[in-house]
Amino acid sequence: MQSKPASRAQRVKKNIFIAVLFQIVSAAISLILPRYILQTFGSDVNGIMQSANQLMSYTMLLECGIVGMVMASFYLPLASNDKKAVSDIFNNTKSFFNRVSIAFAGLVVLLAVSAKLIINTDYDAVYVGTLVIILGINYYFNYYFGITHQILIKADQKIYIVQSIQIITLILNMVVCILCIKAGAGIHSVKLISAFVFLLNPLLYRIYVKRNYDISKTVFDSKRTLPKKRDGIIHHIAYFVHRNTDVVILSIFRGVREVSVYSVYYSITIGVENCLNAISSGIAGAVGNMIAKKEKSTLENVFDIYEPVNTLITSFFCTAAAILIVPFVRIYTQGVTDADYIRPVFAYLMLASQWFYCVRIPYENVINSAGHYGQTKPGAYLEAGLNLLISVASVHKYGICGVAAGTMTAMMARTVYTAWYLSRNILKRSLYKFIKSTGLNFAVSVITVFVISRCTEVASDSFINWGIDAVGVSVAVFAVLAVLSFVVNNKVYILLLKRLKARRSSHD
């Protein structure tokens with residue numbers, strides 16, 4: 001279980017490759033499968049399902065934000081090959097989630113009974129409630145059942161194992177669901193069958209851990225307990241608010257059709273966040289390993305490259321998406337006339353909030369790997385509070401755009417706080433670097449969207465034509481942002497090129 005320097009680099013490469021592949025597959029499926037559901041069942045059913053999914057995500061609060069903290073706890077014993085400590089942490093975590101699963105079952109029943117009161121729809125309580133229960137089964141198999149095994153594998157810098165398994169089940173689930181829909185199955189039957197497909201994930205995780213780790217059932221040190229849950233819960237709540245509250249607020253105040261509109265745009269914009277989070281997860285194990293071994297100079301060098309590259313990728317995806325998203329949605333929702341899906345202002349606000357969130361990912365990666373959960377609670381309070389306050393206050397007057405504005409403001413505030421904390425307490429790097437990089441990238445991204453949108457109209461009438469337009473737009477956007485990134489971070493890129501050249505020479 002011990003990670004050598006060479007294997008650490010190799011695992012990072014594997015993790016990033018599989019993470020990118022996973023996100024490509026996930027993004028494609030998140031667009032293909034919902035389109036079948038939208039066109040077959042309509043906006044109302046699609047909105048109910050999205051709202052029910054968000055209600056189900058409230059069960060994540062039961063974990064008390066323990067996942068990230070447990071992963072951080074695994075880093076040192078894995079790095080030092082302390083099998084006793086790994087076993088103790090694993091068994092304590094498994095015991096905790098066994099208790100959570102009991103509470104989860106009760107919460108699912110409660111949500112099923114009260115779902116009709118929360119979701120604004122004409123469908124009856126039995127229809128909505130049974131769908132919630134089915135989604136609860138799906139959620140349990142896909143999340144809680146085997147989560148301890150998944151955490152251990154990820155902490156050991158093997159996220160590529162987890163995501164390789166997930167790629168297989170995602171593709172299998174899409175094929176099975178489409179076949180069921182074409183056969184005339186109702187949404188309840190489709191989601192129930194889907195739940196049993198996702199049972200493969202935790203079963204394969206368990207088999208892998210059993211074959212590759214020496215986990216003892218004996219407790220070696222009774223004092224080795226789980227981290228303090230109160231340190232992680234507020235971070236968990238802030239992330240939960242970011243991911244789920246918009247849909248719940250819209251479900252209550254605006255109805256399921258607006259939820260359906262939100263979910264279409266969200267399924268596109270979330271791809272940027274998921275991709276960068278996946279890459280971050282691929283690096284997180286290595287970062288935790290560096291911190292555990294006190295390799296501070298190595299960590300600083302890695303961060304100096306990781307941060308500008310992450311900002312460049314974030315700016316590229318968000319800028320290109322801002323130009324291309326509305327034309328894509330226009331084609332995607334052809335034939336669906338029961339709701340207005342053309343919302344450019346809403347799209348810009350969602351992408352801006354995703355930009356601020358993704359820019360801070362490297363900063364959060366280091367903070368979380370260092371285990372600074374308790375010290376950074378003020379930032380989490382700030383984000384959750386702003387998001388809820390602004391969203392609820394503005395949803396009546398501005399609707400879906402008001403909710404998106406609340407999320408964007410909260411993301412921006414938390415991002416600034418996170419950069420400030422890291423600069424003051426862990427890496428001791430100048431905050432000016434962050435302000436300069438993010439300020440210029442955001443400004444240039446906005447200007448690029450404005451100029452390209454004025455000069456070139458993307459008015460495609462098919463996915464093929466849209467794809468051709470997307471290539472041209474992407475090349476133009478990347479060229480502009482790459483030049484900016486090199487000008488701002490030229491020393492970093494020159495150093496990176498020298499290292500790559502030296503590595504190639506050594507191999508030759």
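Helices in this account are DSSP runs of at least four residues, numbered from the N terminus. The model described is a predicted one.

The second largest pocket has a volume of about 590 Å³. Helix H1 (5–57), helix H10 (256–292), helix H11 (296–332) and helix H16 (463–488) are the elements that each give two or more residues to the lining of this pocket. The greatest contribution to the lining of the second largest pocket is that of H11, with 7 residues. In total, 22 residues line the second largest pocket, and Ala27, Ile268, Gly271, Val272 and Phe317 lie nearest its centre.

The structure holds 3 cavities of 30 Å³ or more. For the second largest cavity, the volume is about 80 Å³. Its lining is made by 10 residues, of which Asp246, Tyr262, Met350, Ser353 and Thr407 lie nearest the centre of the cavity. Two or more residues of this lining come from each of helix H9 (229–253), H10, helix H12 (344–359) and helix H14 (377–425). H12 provides the largest share of the lining of the second largest cavity, 4 residues.

Helix H13 (residues 361–369) is largely enclosed by the rest of the structure, because 8 of its 9 residues are buried. The buried residues in H13 are Ile361, Pro362, Tyr363, Glu364, Asn365, Val366, Ile367 and Ser369. Glycine 371 follows H13 and has a positive phi, near 75 degrees.

Positive phi values also occur in residues other than glycine. In the loop between helix H5 (147–155) and helix H6 (159–182) lies aspartate 156, and glutamine 157 is found in the loop between H5 and H6 as well. The phi of glutamine 157 is positive, near 60 degrees, although the residue is not a glycine. Buried means under 20% relative accessible area. Glutamine 157 has a relative accessible area of 4% and therefore counts as buried. Aspartate 156, at 1% relative accessibility, is therefore also classed as buried. The side chain of aspartate 156 makes a polar contact, at 2.8 Å, with the side chain of tyrosine 213.

Asparagine 81 is not a glycine, yet its phi is positive, at about 60 degrees. A residue is partly exposed when its relative accessible area lies between the limits for buried, under 20%, and exposed, over 50%. Asparagine 81 has a relative accessibility of 31%, so it counts as partly exposed. Serine 80 is likewise partly exposed, because its relative accessibility is 45%. Although serine 80 and lysine 293 are 213 residues apart along the chain, their C-alpha atoms are separated by 8.8 Å.

At least two residues of the nonpolar patch are supplied by each of helix H4 (125–144) and helix H7 (187–197). An α-helix has 3.6 residues a turn, so residues three or four places apart point the same way. Leucine 192 is located in helix H7. With a relative accessibility of 34%, leucine 192 therefore counts as partly exposed.

Terms used. Residues are numbered from 1 along each chain as its sequence is written. This is a predicted model: local features need pLDDT of at least 70, side-chain atom pairs count only at pLDDT 80 or more; totals for chains, interfaces and linings use all residues. Side-chain values use heavy atoms; hydrogens and water are left out. Buried means under 20% relative accessible area, exposed over 50%, partly exposed in between (1.4 Å probe, protein chains only). A polar contact is a pair of N or O atoms within 3.5 Å; within protein, one must be able to donate a hydrogen and the other to accept it, and residues adjacent in sequence count only if both atoms are side-chain atoms. On a 1 Å grid over the protein atoms alone, a cavity is a set of points where a 1.4 Å probe fits but cannot get out, and a pocket is an open set with protein on both sides within 12 Å along at least five of seven lines; lining residues have an atom within 4 Å of a point. Grid points are joined across faces, edges and corners, and a volume is the space filled by probe spheres set on the points.
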